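Please keep the sequence and the structure in view while reading.

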Amino acid sequence: MHEMALCEGIVEIIEEEARRRSFSRVKTVCLEIGALSHVAPEAMKFCFAAVAARTIADGAVIEVIELPGVAWCMACSRSVEIAQRDEPCPCCGSYQLQVTGGEEMRLKELEVD
């Protein structure tokens, strides 16, 4: 489960920001997770609670914004949404797609005290 390692990285980022910006508690963590990122939002929530225990983020609420997969279809010259890799263009049926979005996982925002 690579979500555990991702959550450990998020807690490290939060702790570094707490030192830089002098806050003492994190109330909410907002993440953007792309549909093609191979990151399971529910697993992130579960793992974060375990990793954040006894840290500055203990008890923080995780909000996840799920971003769609996006690809450029070379056959019909359109940007299209896709649910997973290796599926055809929903407009023309071509498999000539170049992924342009939805692979990211980003710490977007923190609500802190």
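A residue is called buried when its relative accessible area is under 20%, exposed when it is over 50%, and partly exposed in between (1.4 Å probe, protein chains only). The model is predicted, so that local features need pLDDT of at least 70 and side-chain atom pairs count only at pLDDT 80 or more, while totals for chains, interfaces and linings use all residues. Residues are numbered from 1 along each chain as its sequence is written, and side-chain values use heavy atoms, with hydrogens and water left out.

The protein chain has two helices and six strands, where helices (H or I, at least four residues) and strands (E, at least two) are DSSP runs numbered from the N terminus. Of its 113 residues, 37% are buried.

With a salt bridge taken as a side-chain nitrogen of Lys or Arg within 4 Å of a carboxyl oxygen of Asp or Glu, the count comes to 10 salt bridges. Three of these pairs are set out below.

| Pair | N to O distance |
|---|---|
| Arginine 25 and aspartate 113 | 2.9 Å |
| Lysine 27 and glutamate 111 | 3.5 Å |
| Lysine 45 and glutamate 42 | 3.6 Å |

Aspartate 113 is partly exposed at 43% relative accessibility, as is arginine 25 at 38%. Lysine 45 and glutamate 42, by contrast, are three residues apart in helix α2 (residues 41–52), a separation of about one helical turn. Glutamate 42 is exposed at 57%, whereas lysine 45 is partly exposed at 33%.
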